[in-house]
Amino acid sequence: MTTLPANRSRRDFLRSGAALVTATVAPGVTLMAFGGSAVQGAPDAGKRWGLLIDAGKCDPDCTACVTACQDENGWRGQGDPQRDVQWIRKVTLKDKGTGRETSLPVMCQHCDQPPCVDVCPTGASFKRADGIVLVDKHICIGCRYCMMACPFKARSFVHEPVTNQKPHAPRGVGTVESCTLCVHRIDAGGVPACVEACASAGYGAIVFGDLLDPESEISQRLEEYPSLALRPDLDLNPGVRYSEL
Amino acid sequence: MAIERTIYREIPVSPRLWAAAALLAAFVLSGLGAFLYVEHRGHVATGMTNQIVWGMPHVFAIFLIVAASGALNVASMASVFDRKIYKPLSRLSGLLAISLLLGGLSVLVLDLGRPDRLIVQMTHFNFTSIFTWNILLYSGFLAIVAVYLWVQMDRNVHPKWVKPAGLLAFVWRLALTTGTGSIFGWLVARPGYDAAVMAPLFIAMSFALGLAVFVLVLQGLCVLARCPLGQTLIERLTRLLALFVAVVLYFTVLQHLTNLYAAEHTGFEAFILFDGGVFPLLFWIGQIVVGSLVPLALVYGRKTPVSPGLASAVCLLVILGGVAQIYVIVIGGQAYPMEIFPGYEVSSTFFDGQVAGYAPSVPEVFLGIGGGALALFATGLGARVLRIVPTTLSDQNLAGKGQE
């Protein structure tokens, strides 16, 4: 019979065993559970990530941001537009008074007061400390109440089984998903794929940065030029802002 | 005159009972089949889309849940408001309430994208969600009505406990329907919702729909149990139903007038009331004419008593009107495009600015009907194994219980 060292209790021994199992399993679980509890602990509460979209620079015929998001996160249309998911979409606006047309991308607005988080019965919809709104794929039950509650039509329900998922962007039939602001890139010090693609296409219409840092480009631009939040009447304080609308 | 004591009996086995059970079981099984089919293929097998995210299952589920709380009213009238004529119906009222709620919740749960994660819902609660509160309200309702039934049925429990149990159940059912209405009332995003009137509207709907279902179920069970059903009782219930229908009408007028007064909501109102295709049709013909005005005329516009056949017809019309109303609220509220960019004509690959189409698929309709069948099957089963249905509900017998 194995005897435990005198200074270690049985409970300590069990604890160390649990720790060993956790250390072995955790990386894999964390990878799959991005947006889950492990990641919830990581974000910096001193930051608030956001986007500033300059509609004046957005080319109506360009969909580089959409394509980049699809490639980065592995979502793509399956030939059924009504049911295909869309994490980001290009919207064309025509002023009813003047007839002036504007084009801009719309995605999850990463609200400070997100209605999707309020209504989610399990807490699968959640906001990280740095303002990024995500869906925890492990506890989303697919009730779609968040889709009813989102004022921006930013969320999609996965109607069919999905294949070829990206390890950093797990997806699953029967759950809801939306723009993650490329949280995996941000956590690695990068910028969202749409921002990168827009810059590469030569438009630079999307600026990414920390809204709480007065020195950041996004903060300075917001201070310098007029901008607006979508559905300002709801006072949700979105992290995504628009200018030149 | 000696007051005859109400005697309750299990409904006897008969070919008619077997036939009813087989019919309902067939619908329950087809509902289960529909669930398995959708579960296997994903929601692509339904008519629901990323524009209409809640469809026919939700229409059926909300109908059943709303009717569940209303079905309890008959018991409440007896034990809370001392209307003794309804006392012999109290047990059935409680049983039907529990059964309807179970049927509705089954549809809701089986329509989840991940119904296998029900245990997740039972272990993760977000208390800012009205859904979470509803889960507690629904569970509490089942428990409270079960206790309410028990205090009525157990001879070892002193009758003094019936009133407190009934009062608690009554208050709880008001809270429950407030919660169901608030699923929509608290949605700020969509112009068709975001209105406090949803809660009282749903309560009024529950009174009408619950009573309509109750009367039909009562008539059916009395046939199966060979229980004489008095004309006066049916007359009273139907007249009460007409009153509830009028109350629903009042809240409906209030709902639309309030919206019409706000310029930002006139687009939505025009959609629902005039130019929204199937929705104005369902609203005016389904809810207003078939579900409200015709029943009101049939009940109040006659000098002769309401016959049992007419009572059934009135209940059926009210139920049809109720389904139309819930369809308009649930589907119509989603079909109208959200105003993300006021003042602009909007277009996108995600159907921004467009009215969303919806064609319910066979599986989702069967799932919904299966939930209704499950509720009726459970009621029948309950009445078969428990002493729920009185041996007689004849007018002569009820007269002894007072006409108040």
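Helices (H or I, at least four residues) and strands (E, at least two) are taken here as DSSP runs, numbered from the N terminus. On that basis chain A holds eight helices and nine strands.

This is a predicted model, in which local features need pLDDT of at least 70 and side-chain atom pairs count only at pLDDT 80 or more, while totals for chains, interfaces and linings use all residues. Residues are numbered from 1 along each chain as its sequence is written, and chains are lettered from A and ligands numbered from 1 in the order in which they are written.

**Chain A**

A residue is called buried if 20 or more other C-beta atoms lie within 10 Å of its own, exposed if 12 or fewer, and partly exposed in between, with C-beta atoms placed from the backbone. Of the 245 residues of chain A, 44% are buried by this count. Two residues are in contact if their C-beta atoms, placed from the backbone, lie within 7 Å. When the contacts in chain A between residues at least 6 apart in sequence are considered, 62% of them join residues at least 24 apart.

Thr63(A) sits in the loop between strand E1 (49-54) and helix H3 (64-73) of chain A. Because 19 other C-beta atoms lie within 10 Å, Thr63(A) is partly exposed. Its C-alpha atom is separated by 22 Å from that of Phe157(A), 94 residues apart along the chain.

Asn164(A) belongs to the loop between E6 and strand E7 (176-177) of chain A. Asn164(A) has 7 C-beta neighbours inside 10 Å and therefore counts as exposed. The phi of Asn164(A) is near 55°, a positive value in a residue other than glycine. Most residues other than glycine have a negative phi.

**The contact between the chains**

Chain A contributes 46 residues to the contact and chain B contributes 37 residues. On the side of chain A that touches chain B, strand E2 (88-95), helix H4 (115-119), helix H5 (145-149) and strand E6 (156-157) each supply at least two residues. E2(A) gives the most, with seven residues. Ala, Val, Leu, Ile, Met, Phe, Trp, Tyr, Cys and Pro count as nonpolar, Asp, Glu, Lys and Arg as charged, and the others, Gly among them, as polar. By these classes, the side of chain A that touches chain B has 24 nonpolar, ten polar and twelve charged residues.

Pro151(A) lies in the loop between H5 and E6 of chain A. Pro151(A) is buried because 23 other C-beta atoms lie within 10 Å. Leaving aside neighbours within four places in sequence, Pro151(A) is in contact with Pro115(A), Arg231(A) and Leu234(A), and also with Val188(B), Ala189(B), Met338(B) and Ile340(B). Pro151(A) and Pro115(A) are 36 residues apart in sequence, and their C-alpha atoms are 8.1 Å apart.

**Helices of chain B**

H12(B) is mostly covered, with 20 of its 28 residues buried. In H9(B) the buried residues include Leu233(B), Ile234(B), Leu237(B), Phe244(B), Val248(B) and Asn259(B). Arg226(B) is in the loop between H8 and H9 of chain B. Arg226(B) is partly exposed, with 13 other C-beta atoms within 10 Å, and its phi is near 55°, a positive value in a residue other than glycine.

Two helix pairs can be described by their axes, which are lines fitted to C-alpha atoms, for helices over the stretch in contact, with angles running from 0 to 180 degrees between N-to-C directions. Angles under 35 degrees count as roughly parallel, over 145 as roughly antiparallel, 65 to 115 as roughly perpendicular and the rest as oblique.

The axes of helix H4 (residues 90-110) and helix H8 (residues 198-225) of chain B come within 11 Å and cross at roughly 115°. H4(B) and H8(B) are therefore roughly perpendicular. Leu92(B), Ser93(B), Leu96(B) and Leu100(B) in H4(B) meet Val213(B), Phe214(B), Val217(B), Leu218(B) and Leu221(B) in H8(B). The residues of this contact are eight nonpolar, one polar and no charged.

Helix H2 (residues 56-71) and helix H13 (residues 362-385) of chain B pack at about 20°, with their axes 7 Å apart. That makes H2(B) roughly parallel to H13(B). The contact of H2(B) with H13(B) has nine nonpolar, three polar and one charged residues.
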